[in-house]
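Biologist: I am new to this structure and would like to go through it slowly with you. Could we begin with the whole chain and then turn to single residues?

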Amino acid sequence: MVETSGPESTPTPVFGPDSEEMLRCTRCELRYVPSKSTSSLRLTYCSFLCELGDLGFSIAGLEHMEPQPKAIEAPAVEPEQQPTEPAIVE
Ligand SMILES: [Zn+2]
């Protein structure tokens with residue numbers, strides 16, 4: 001019996017410093033690891049500061065406080081309700 005197949009040296013797969021895929025921040029365009037992002041939108045921003053700077057508010061903050069209104073919205077126009085006059089029976 002002749003041993004034909006020797007121990008093959010499997011090439012070690014090349015990974016980055018983190019095996020996790022890195023994303024690029026939408027605001028500051030820095031590469032970051034999503035799991036290390038402090039933003040609620042960690043797939044979009046590298047940190048909550050970018051989220052805060054880009055959106056003007058933080059998603060996490062919405063649960064506790066409301067964003068400052070940019071403009072006073074016009075009051076919702078109520079549909080004109082024609083008063084249903086009761087039929088006057090004389
Ligand atoms: Zn960023």
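Biologist: Of the contacts in the protein chain with a separation of 6 or more, what share comes from residues 24 or more positions apart?

Modeller: Please keep in mind that this is a predicted model. When contacts with a separation of 6 or more are taken in the protein chain, the share that comes from residues 24 or more positions apart is 8%.

Biologist: In what pattern do the helix and strands follow one another along the sequence?

Modeller: The protein chain has two strands and one helix. Read along the sequence, these elements give the pattern β-β-α.

Biologist: Which element of the protein chain has the highest confidence?

Modeller: Over the protein chain the average pLDDT is 77, and 63% of the residues score at least 70. Where pLDDT is low, the predicted coordinates should not be read in detail. Among the elements, helix 1 (residues 48-55) has the lowest confidence, with a mean of 91, while the highest, at 95, belongs to strand 1.

Biologist: Is Arg24 buried or exposed?

Modeller: Arg24 is placed in strand 1. Because Arg24 has 12 C-beta neighbours inside 10 Å, the residue counts as exposed.

Biologist: Leaving aside neighbours within four places in sequence, with which residues is Arg24 in contact?

Modeller: The C-alpha atoms of Arg24 and Leu43, which are 19 residues apart along the chain, are separated by 8.6 Å. Once neighbours within four places in sequence are left aside, the contacts of Arg24 are Glu29 and Arg31.

Biologist: What is the phi of Glu29 near?

Modeller: Glu29 lies in the loop between strand 1 (23-24) and strand 2 (31-32). With 9 other C-beta atoms within 10 Å, Glu29 is exposed. Its phi is positive, in a residue other than glycine, and is near 60°.

Key: Residues are numbered from 1 along each chain as its sequence is written. This is a predicted model: local features need pLDDT of at least 70, side-chain atom pairs count only at pLDDT 80 or more; totals for chains, interfaces and linings use all residues. Helices (H or I, at least four residues) and strands (E, at least two) are DSSP runs, numbered from the N terminus. A residue is buried if 20 or more other C-beta atoms lie within 10 Å of its own, exposed if 12 or fewer, and partly exposed in between; C-beta atoms are placed from the backbone. Two residues are in contact if their C-beta atoms, placed from the backbone, lie within 7 Å. pLDDT is the predictor's confidence in each residue, from 0 to 100.
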